[in-house]
Structures are given as C-alpha cells and as structure tokens.
Amino acid sequence: MKTLVSLCKRRGFIFQSSEIYGGLNSCWDYGPLGILLKKNIESRWWKSMTLRDDIEGLSSSILMHPRVWEASGHVEGFSDPLVDCKKCKGRFREDQVKEKKCPTCGGELTESRQFNLMFRTFMGPVEDQTNQVYLRPETAQGSYVNFLNVQTSLRKKIPFGIAQVGKAFRNEITPGNFIFRTREFEQMEMQYFVSCKEDQKWFDFWKEQRLNWHLALGTTPNRLRFHEHKEQELAHYAKQAFDIQFEFPFGWQELEGIHNRTDFDLKRHQEFSGKNLMYLDEEAKEKFLPYVIETAVGLDRTLLAVLCDAYREEEVKGEKRVVLKFAPHIAPVQVAVFPLLKKEELMQVAQKIREDLSHTYYTQFDSAGSIGRRYRRQDETGTPFCITIDFDSLTDQKVTIRDRDTMEQQRVSFDKIKDVIIGQQTT
Ligand code: ATP
C-alpha cells in the first residue's frame, strides 16, 4: 500500500488533505488524474443505472430533517462499541481489539460504550439541541423520502429504481488503509422499489448485475467474490444481504452491499412523518408499501480497488517498469501525444493531432525528455496509448502508436489513429 500511496501522490492522483498544515487524519484530496479516474468510474455507474427505462436519477441534499435519522434507525442504532486506552488515550472499535489491552501501547482499556457514527452540526446561528442536524451517513434516505415525488412526477410503475451519487459522512472510529475507510466519502446507491412478491427475483437480478458491472470495469475476476451475511450479521432493516468483496493487499474486504431492505424504510418514514407513502397499483387497484432492493457501492473504495488491481511492477531489459494497467475506458488519460523533438514543424502537427483526439479522449501533450522517459511517465499513470510524431510523419502522414501493455509499436496513418484506439474499447 505504501508504494501505491506514494505513486498516487507523485503522479497527481491523491494528496493528503490540508497537507501543508500537516494533513487531516483520513481525509484525502483527488488530484488532476485521480479526479479523472473517479469521474470515469462514476460516469460508468451513472450510465449503467440511468440509461435504463426503469431507473431515475436524484440528487438529494446532504442535510436533511433530523427526524429522517430517527426514522431510519441511525440515531438509535448507528453506533459502534468503542473502547479508550487509559494510558495513551487511543480509541478503538471493541470488535477490533483482540486482548483487553491497548494495541498501541499495551495500556488498560475502558469498558466499551456506544459511539454514534453520525456527524452533528447546527443549522442557523443558535447552537442548541433544536437546531441540531446531521451530515448524512448514506444517500439512501434521500431516495426513500423522495420515493413518491419521483414516482408521481414521472408516473413510474413498480418495479422502478432511484439512483444517487453523493457524499456521505461517518465519524468512523478506525479509519484507515488510505481511501478504503474515511470519514467523508462518496457513495453510488440505487434503491429499487418492487412488489414484495417479487423481491427474491429482483434481489438475484441485481446481485448478478452488480458483479458484472465490476467485471466490466476490468477488475480481475478472481479478486472479486460474494460474501453472504449470516443471520447475526444482517443489519436491522435487512432480510437478505450479500457483499461484493475485493481482494485488497490488506485482505478481502467489502466493496459493495446488495440488500433486501423490505418495506422497513418506507414504513418507518410513513410512521414518523405521518404522510401516506403507499404506492397505488392502478391495474390491480391495490395500495401497498413496496419492498426495496438496494445496491450500495463506495466510489472511493472502488477506485482503490481499481488502482490496486491495475498496479504492476515489471522487469523490462533489466530495468524496473511501474505500470498501471487500467482498462482503457477508465484510464484517466487515454492518449498521450509526443512530438519527437521540440521543433516547430513537429510541434504543430502533434498539437493538431492532439486537438483532434481531445474531442473524444482525455489526452496529454508531452514534449519533455527522451521518448523512453515519456513512455515511463505515461506507464505510471496508466495511459494506454502513446503517439509519437517524428520527421517521417511530415512526409508519410503516419505516426507511431505504442501500446502500454505489450509495449509494441505500430506505424499508423493519421486517419487510422482513432480506429486503432477504438479497437481497444476506450469509450
Ligand atoms: P463497512 O462494513 O466497511 O463499514 P458498511 O457495510 O457499513 O461498510 P454500507 O453502509 O453498506 O457499508 O455502505 C455501502 C458502501 O459504502 C460500502 O460497501 C463501502 O464501499 C462504502 N463505505 C461505507 N463506509 C465507508 C467509509 N467509511 N469509507 C469509504 N467507503 C465507505
């Protein structure tokens, strides 16, 4: 992980938050390449959901009525048992401490107590209990409270879903492993409203769809697996739950959860708000609260999985090559364009080719240093194609395209460049 964290910093993927002030624990900033990678992953998720006829998008606010979190069960139940070290004042999740001694200094630990994971703040100038609000710990509740708004405004019929991407906040006791567990993170969640008679069918459907989505990102199949929640692991709202896990360098860990949340959330919001949230099935002349099949995946966690999966160290002609083998369609930069030398005539042609490609792809222009060094830089950021314009290009109208993975080079005429790149599924 250390190597990956330092590569991410060196190459502009991820920086420590507020670094010049010494950083802020577990908070990270996405740099120019990191945000491109993140947007590519997010956009694939968003399209995979909202290009379907049966799913609509939503963007609800981070601050919500405090009663929402009473109804959802978060005020009462969203907590971890916490122990403190009496000596070094370290804080740990009780379930992560094996002995009754502090894992850092061996000191004595306090009795465990419940610690609510929601961040609290105040709305308006008066900081008292009545003005207290929470930063949302998940996006899902925004979709439940808008269930009828979406359903009636777009005249949706069940089954249909609501998809959201957005920030969530949890005051985790033990954040760590880089961007794996942080206190501020982004979720991509979809709530699919179904009849209770069809919950199993849709649960199985979404479970399969979601695994396929991770595979389509290019993730190595044998680094992904399902983990079924046993009775005692199930959340208070869930009838059935599977995690999709990825094999991180620190072990198999959850990337995504697929949950059958039954009608728990709508029922609770109906009860707490006093509003009727029943769905009217016009054909069957029936009113009921739908069941919800939820797919909830962390965007930052997926990005970490993608980075871990892509990272390779190879030996090429006795030298170490570090390369990020992203699938071309999610690579932050897809094509790098190099004029062989900083000569006016080469620069002009190279700029023209770059401009032409930049309508379709993320591109970078690099004219500094030897071609070999430029290849190495692009390998480290995972650019699948490098195009070099040399003096022959001025007469034969051809460029050299170098493939990141095979390192093979081919001469291709100007008008065939896109065909070579498209052949590698870059969009
Ligand atoms: P965990 O068991 O790892 O704490 P969870 O089961 O509480 O996760 P969910 O509430 O199901 O997680 O949230 C859905 C997804 O959001 C998770 O699968 C994960 O990818 C992401 N996620 C949850 N908590 C965090 C966090 N603190 N930092 C980064 N991503 C997170």
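Which residue places a backbone N or O atom 3.4 Å from a nitrogen atom of the ligand? The model is predicted, with local features requiring pLDDT of at least 70, side-chain atom pairs counted only at pLDDT 80 or more, and totals for chains, interfaces and linings using all residues. Residues are numbered from 1 along each chain as its sequence is written, and side-chain values use heavy atoms, with hydrogens and water left out.

View A. Phe180 is the residue in question: a backbone N or O atom lies 3.4 Å from a ligand nitrogen atom. Arg181 brings a polar side-chain atom to 2.7 Å from an oxygen atom of the ligand, and for Arg301 the corresponding distance to a ligand oxygen atom is 3.0 Å. Of the 590 Å² of accessible area that the ligand has on its own, the protein covers 83% (Shrake-Rupley method, 1.4 Å probe).

View B. The shell comprises 4 nonpolar, 4 polar and 6 charged residues, with Gly counted as polar and Asp, Glu, Lys and Arg as charged. Strand 13 supplies the largest share, 4 residues (strands are DSSP runs of E, at least two residues, numbered from the N terminus).

**View C. An aromatic pair (ring centres within 6.5 Å).** The ring centres of Trp28 and Phe178 are 4.7 Å apart and the planes stand at 90°, so the pair is edge-to-face (planes over 60 degrees apart). Trp28 belongs to strand 2 and Phe178 to the loop between strand 9 and strand 10, so the pair ties together parts 150 residues apart in sequence.

Definitions and conventions. A polar contact is a pair of N or O atoms within 3.5 Å; within protein, one must be able to donate a hydrogen and the other to accept it, and residues adjacent in sequence count only if both atoms are side-chain atoms. Rings of Phe, Tyr and Trp (its six-membered ring) pair if their centres lie within 6.5 Å; planes under 30 degrees apart count as stacked, over 60 as edge-to-face and the rest as tilted.
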